[in-house]
Amino acid sequence: MFCFQCEQTAGCTGCTGKAGVCGKKADTAKLQDELTGALIGLARAVDSNGEGTQEVYNTIIEGLFTTITNVSFDNESLEKMIAKVRKLEQALAPDCGSCASPCGKNSEFNMDDLWTANEDIRSLKSLILFGIRGMAAYAYHANVLGYTDEEVNKFFCEALFMIGYGEDQDTLLPVVLKVGEINLKCMALLDKANTETYGSPEPTTVSLTVEKGPFIVVTGHDLKDLQLLLEQTEGKGINIYTHGEMLPAHAYPKLKKFSHLKGNFGTAWQNQQKEFDNLPAPILYTTNCLMPPRKSYEDRVFTTEVVAFPGAVHIDDNKDFTPVIEKALALGGFTKDTEFTGINGGKEVTTGFGHAAILSHAGTVVEAVKSGALKHFFLVAGCDGAKPGRNYYTEFVKQTPKNSIVLTLACGKYRFNDLNLGEIGGLPRLMDMGQCNDAYGAIQVAVALAKAFNCSVNELPLSFVISWYEQKAVCILLTLLHLGIKNIKLGPSLPAFVSPNILNFLVENYGIAPITTPEQDLAELLGK
Ligand code: FSO
Ligand code: SF4
């Protein structure tokens, strides 16, 4: 196997051998490559055929999402997915194999040709592939709420085609940046889908205590799954707790109205094996990040949508959560209210500072900047992970000066979201904007501030301090680059799939730099 798509890749170069660091086995990695090759074939068939159908686009989105880190460990579901892609491709281009004037492009792409390509070509194609994998997750969540966008859909085909058949750097580089451009549209689509369906997030305090009695833990990003589970558990004496990237769900008016949506359990994804050990409750995974379950709780793991693990019960498209509900009732939960804390000992966290909530205080923020009470904004955001160097983000936030505001989003925030940083002008200094896709909201806030101060985003006293782990972070990073945002600090390590030449390009054109120490980076960012 060869896989280097995430931050924890072996030796910071690539997972090879029998299994990856994430637990993905070699045969699963091979099937994921086969699926990607088949998707490139399907994109090519769409290209030769003009328009794709919604079924084709949905299949491409689902296929790409399936190959994101910590989503599917299940060969059987991957084989089914490959067969579905091949069937669609055959229907679109039935005579491809027996064509009298072959164009030289096989209908399916062999991913080994990508992994062994010239390192700069491999790097650019990897940026495109991993970026559209991340974007596919966002398109998928929007689709399940009934929102779709033709330009986003078509771009998946364009980008897949370039991964297969783009020849040189000059043709590939613009596509890399276009991933960022289209991902912005895709995140806007998901923002619209989420807010029109569930209302605009409102600042909300979330308890970390688990009350006695049966409960279910829901993790991942899919709000629709949470909504359906809340509906099916209403009045059954079962409480629901969010985990990981589901925490921001508490802030949506149409989800927080359910009184049995009680609080948040646990921290970020990499702590799940410890936190779920012997938990007296089932866990429902709606998306990544799934880690191979330990024996002590493997009978409590339920998956849905594209998440899959061999042996775990999968809730299929009919969305009947009865097996999860029965498991919760059988396990019974804790016998008394049980207090948990965040990483820093806090007993509650806050969330729901979406762009609408923050911009409703735009006047206060602008005044605070003008009076000198507020000197700097930091966006400390992105994924969490297991590397010890990630303590940087906790220390960085702790050391930010009192006259600064820290905006955050995604699961990296669990390193500091239980800290009380105090207030500025009635606004908390630490504001959680939501899931990783709510990077869209952070961009809206940055653009609005730039407009208020009549300057560019790069001229604002605003710094981006980003942590990455998997492929959604790749598309968000490409969106920030597409917007021309400079001097981003990226950690805990740089992606293995960025070759030295491509890194040089990013450094020269965007000033992107690896994190160093909180002290050094803070001094630099504050211009001392
Ligand atoms: Fe984290 Fe996992 Fe949201 Fe990712 S839970 S690492 S960037 O899936 O998607 O932040
Ligand atoms: Fe390795 Fe990450 Fe790929 Fe898993 S997803 S095999 S950890 S590079």
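The exercises below, each with a worked solution, concern pockets and salt bridges in a predicted model.

**Exercise 1.** Describe the largest pocket: how much space lies in it, and which residues line it?

Solution. 
- Step 1: Take the volume. The largest pocket holds about 690 Å³ of space.
- Step 2: Turn to the lining. There are 27 lining residues, and E62, E305, V306, H314 and D317 are the ones nearest the centre.
- Step 3: Sort the lining by class. It has 10 charged, 9 nonpolar and 8 polar residues.
- Step 4: Assign the lining to helices. At least two residues come from each of α2 (54–66), α3 (75–92) and α5 (119–144), and α2 gives the most, with 6 residues.
- Step 5: Assign the lining to domains. Domain 1 (10–95 + 105–197) and domain 2 (204–339) each contribute at least three residues.

**Exercise 2.** Describe the second largest pocket: what is its volume, and which element supplies the largest share of its lining?

Solution. 
- Step 1: The volume is about 270 Å³.
- Step 2: The lining of the second largest pocket consists of 15 residues, with T350, N417, L419, N420 and L430 closest to the centre.
- Step 3: Two strands, β10 (348–351) and β15 (430–432), are the elements that give two or more residues to this lining. The largest share, 3 residues, belongs to β10.
- Step 4: By class, the lining of this pocket contains 5 nonpolar, 6 polar and 4 charged residues.

**Exercise 3.** Where do the partners lie in the salt bridges K154 to E150 and K327 to D299?

Solution. 
- Step 1: K154 and E150 meet at 4.0 Å, N to O. Both lie in helix α6 (residues 150–165), 4 residues apart, about one helical turn.
- Step 2: K327 and D299 meet at 3.5 Å, N to O. This pair links distant parts of the chain, with K327 in helix α11 (residues 322–331) and D299 in the loop between β6 (283–285) and β7 (301–304), 28 residues apart.
- Step 3: K327 is partly exposed at 23%, and D299 is partly exposed at 38%.

Definitions and conventions:
Residues numbered from 1 in each chain as written. Chains lettered and ligands numbered in written order. Predicted model: local features only at pLDDT ≥ 70, side-chain atom pairs only at ≥ 80, totals over all residues. Heavy atoms only, no water. 1 Å grid on protein atoms, 1.4 Å probe; cavity = no way out; pocket = protein on both sides within 12 Å on 5 of 7 lines; lining within 4 Å. Points joined across faces, edges and corners; volume = space filled by probe spheres on them. Nonpolar A, V, L, I, M, F, W, Y, C, P; charged D, E, K, R; others polar. Domains from an automatic or database assignment. Salt bridge = Lys/Arg side-chain N within 4 Å of Asp/Glu carboxyl O. Buried < 20%, exposed > 50% of the residue type's maximum accessible area, 1.4 Å probe, protein only.
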